[in-house]
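Here is a friendly walk through one protein model, with its ligand site and its charged pairs in view. Please have the sequence and the 3D view at hand.

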Amino acid sequence: MTSSRLPGFYKLPPDERLGKIVEACGDAEIKEMIKSGLSLEQADKMVENVIGLFQVPLGIATNFIIDGREVLVPMATEEPSVIAAASNGARMARDGGGFFTSSTGPVMRAQIQAVDLKDPHGARCRILEHASEITRIANEVDPMLVRLGGGAVGLEVHVIDSRAGPMVVTHLLVDCRDAMGANAVNTMAEAVAPEIERLTGGRVHLRIISNLADMRLARARAVFKADAIGGAETVSAVFKAAALAEVDPYRAATHNKGIMNGITAVVLATGNDTRAVEAGAHAYAARSGQYSSLSRYEIDSNGDLVGTIELPVAVGLVGGATRVHPVARAAVRILGVRSADELSRVMAAVGLAQNFAALRALATEGIQRGHMSLHARNIALQAGARGEMVEIIAERMASERRINIERASELLRELGGSH
Ligand code: MEV
């Protein structure tokens with residue numbers, strides 16, 4: 001793709017926007033996938049007791065440059081302003097070259113809990129003495145993952161004193177490659193459990209993945225040039241907003257919620273597990289014992305703002321809804337990512353763009369003005385406005401600062417748009 005800058009994109013009707021995306025990606029099949037959507041038949045095979053489909057808007061965030069590549073970002077979200085803000089944040093990062101990313105690679109942990117132990121520290125050492133045997137057993141159950149260059153790569157063993165007595169918790173470390181990994185990791189955890197019981201002399205209870213995926217971290221960095229974001233005052237205001245989030249959990253929760261507005265929308269659009277990524281992000285934010293922000297902002301020697309983010313992002317490209325859901329498949333193609341690792345790094349960049357845009361708005365004019373015009377459109381729709389009447393009524397309500405259903409209905413009657 002030549003550029004993710006699509007000036008005037010937001011003004012087009014949805015069909016024409018889709019046409020532009022197909023054109024920008026040079027991939028005609030995307031259109032069909034998005035238009036067809038998930039069928040009831042497919043849905044019925046995905047979860048239980050299906051009675052229908054729940055639809056969420058899918059939009060495209062523009063303006064992203066990630067590691068030198070122009071990227072269009074599909075986002076599935078019900079929240080107004082999120083996609084516009086991500087695009088806005090990405091635009092303001094362009095002068096600094098966009099987003100630069102890195103990652104740890106896709107290693108997940110399974111936890112295997114052994115209880116009723118006589119000698120927990122002895123048990124821990126016996127497990128570690130047999131680490132290669134345990135990883136061999138784990139890898140036997142997923143030869144495909146091993147062939148793809150992944151599989152169990154090692155162990156950590158923790159002795160934990162709990163209210164229910166001492167426990168030995170083995171962490172089986174698994175390189176999941178392009179899979180999110182929950183299935184592979186859980187199967188491996190179950191497979192090694194008998195050997196852990198034999199070595200510890202205890203009983204194994206839990207055998208499950210940990211969503212605190214601290215060995216599957218994605219990072220992004222961007223320089224927001226002072227000139228591009230409103231000058232030194234804005235730099236200082238964002239810096240101060242971020243400083244509060246570092247030390248105050250009340251602010252950090254909202255700050256991180258804003259980050260996840262962006263990340264979760266891409267996780268959902270690509271058919272990945274939103275709860276796994278959310279759980280990992282918040283647990284990682286609390287890893288020091290005090291819940292803190294996932295991003296940091298500094299002012300560099302040029303007076304520009306340097307934003308960075310680091311968080312666990314456990315997502316996959318194979319398996320689950322990512323492969324089944326036609327819209328998720330289209331989203332992956334629009335992103336043009338070739339590995340789950342690359343997808344996780346794109347998500348980190350989106351989180352940073354989203355966070356920066358929110359902080360900038362909050363630290364300057366506040367977010368309500370932007371929010372209100374979209375909110376007004378929603379209210380106009382709820383009151384029954386259709387077509388161009390939606391915009392007309394929304395604008396009137398926004399300018400009057402009276403945005404509610406009653407006023408929208410009144411205007412609809414007044415302007416002759418009721419039906
Ligand atoms: C709203 O969904 C998200 C924000 O509250 C994030 C933030 O406060 O940083 C605007």
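Two helices, α11 (249-269) and α15 (340-363), each give at least two residues to the shell around the ligand. Helices here are DSSP runs of H or I with at least four residues, strands are runs of E with at least two, and both are numbered from the N terminus. The largest share of the shell, six residues, belongs to α11.

The model is predicted, so to speak of a local feature takes a pLDDT of at least 70, side-chain atom pairs count only at pLDDT 80 or more, and totals for chains, interfaces and linings use all residues. Residue numbers start from 1 along each chain as its sequence is written, and side-chain values use heavy atoms, with hydrogens and water left out.

**The ligand site**

Which residues are around the ligand? They are Glu79, Arg251, Thr254, His255, Lys257, Gly258, Asn261, Ala358, Leu362 and Ile367, where a residue counts if one of its heavy atoms lies within 4 Å. By class, the shell holds three nonpolar, four polar and three charged residues; Ala, Val, Leu, Ile, Met, Phe, Trp, Tyr, Cys and Pro count as nonpolar, Asp, Glu, Lys and Arg as charged, and the others, Gly among them, as polar.

Oxygen atoms of the ligand make polar contacts (N or O atoms within 3.5 Å) with Glu79 at 2.6 Å, with Arg251 at 2.7 Å and with Lys257 at 2.7 Å. On its own the ligand has 300 Å² of accessible area, and the protein covers 87% of that; such areas come from the Shrake-Rupley method with a 1.4 Å probe.

**Salt bridges**

The structure holds 26 salt bridges, each a side-chain nitrogen of Lys or Arg within 4 Å of a carboxyl oxygen of Asp or Glu.

| Pair | Closest N and O atoms |
|---|---|
| Asp67 and Arg345 | 3.2 Å |
| Glu70 and Arg94 | 3.0 Å |
| Arg275 and Asp273 | 3.3 Å |

Glu70 sits in strand β2 and Arg94 in the loop between α4 (82-93) and β3 (99-103), so this pair ties together parts 24 residues apart in sequence. Buried means under 20% relative accessible area, exposed over 50%, and partly exposed in between (1.4 Å probe, protein chains only). Glu70 is buried at 16%, and Arg94 is buried too, at 18%. Arg345 is buried at 17%, whereas Asp67 is partly exposed at 38%. Arg275 is exposed at 56%, and Asp273 is partly exposed at 27%.

Notes
A polar contact is a pair of N or O atoms within 3.5 Å; within protein, one must be able to donate a hydrogen and the other to accept it, and residues adjacent in sequence count only if both atoms are side-chain atoms.
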